[in-house]
Amino acid sequence: MTDSLPRWATLHPSNWTSVELTRWLEYVAEEYKMDTDTTHTMVESFQGLDGRSLLQMTPEDFRGISEEHGQFIYEIFKQMCTVGKYIIDSYDFKYFLFEN
């Protein structure tokens, strides 16, 4: 089942490289139907960071990186981490992964 999932969805965020973080941001943008320019701006704002960095950041850090999207990304990321599961809604079904 995990063969069809994006790599970021199979890893704990602390193991995300900047590539997995970018793919997750693109996924969030797609799920929330952001336009291409908004997606590009959001991804560029977080370029060079990895999952471990995000885990250590405060809401203020997120807003400092992206005034427009920082709080939104913080809330989605923290919710995902708090639940302890990744929820992937694509294709009208959900996967619950990663129980740490």
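**Notes on a predicted model**

1. Let us begin with H69. Setting aside neighbours within four places in sequence, H69 is in contact with M34, T38 and M42. Please keep in mind that this is a predicted model. H69 sits in the loop between α4 (59-65) and α5. Its relative accessible area is 7%, under the 20% cut-off, so H69 is buried.

2. Next, look at the largest nonpolar core, which has 24 residues. The members that touch the most others are W16, W24, L25, L54, F62 and I73. At least two residues of this core come from each of α1 (18-31), α2 (36-45) and α5 (70-83). With six residues, α1 provides the largest share.

3. Apart from neighbours within four places in sequence, I73 is in contact with W24, L25, V28, M42, F46 and F62. M42 is also on the contact list of H69.

4. Helix α1 deserves a visit of its own. At 1.5 Å a residue, its 14 residues should span 20 Å, and this agrees with its end C-alpha atoms, which are 20 Å apart. The buried residues in α1 are E20, L21, T22, W24, L25, Y27, V28 and A29.

5. Both ends of α1 are worth a look. After α1 comes K33, which has a positive phi, near 55 degrees.

6. Now for the aromatic rings: the structure holds nine aromatic pairs. In one of them, W16 and W24, the ring centres are 5.6 Å apart and the planes lie at 40 degrees, so this pair counts as tilted. W16 and W24 are both buried.

7. F46 and F62 form a tilted aromatic pair too, at 6.0 Å from centre to centre and with 50 degrees between the planes. This pair links distant parts of the chain, 16 residues apart: F46 belongs to the loop between α2 and α3 (51-56), and F62 to helix α4. F46 has a relative accessible area of 2% and is buried. F62 also counts as buried, because its relative accessibility is 0%.

8. Which residues form one aromatic cluster? They are W8, W16, W24, Y27, F46, F62, Y74 and F77. Among them, W16, W24 and F62 are also on the list of core residues that touch the most other members.

How values were computed
Residues are numbered from 1 along each chain as its sequence is written. This is a predicted model: local features need pLDDT of at least 70, side-chain atom pairs count only at pLDDT 80 or more; totals for chains, interfaces and linings use all residues. Side-chain values use heavy atoms; hydrogens and water are left out. A nonpolar core is a set of buried Ala, Val, Leu, Ile, Met, Phe, Trp, Tyr and Cys residues joined through side-chain atoms within 4.5 Å. Buried means under 20% relative accessible area, exposed over 50%, partly exposed in between (1.4 Å probe, protein chains only). Helices (H or I, at least four residues) and strands (E, at least two) are DSSP runs, numbered from the N terminus. Contact means heavy atoms within 4.5 Å. The expected span of a helix is 1.5 Å times one less than its number of residues. Rings of Phe, Tyr and Trp (its six-membered ring) pair if their centres lie within 6.5 Å; planes under 30 degrees apart count as stacked, over 60 as edge-to-face and the rest as tilted.
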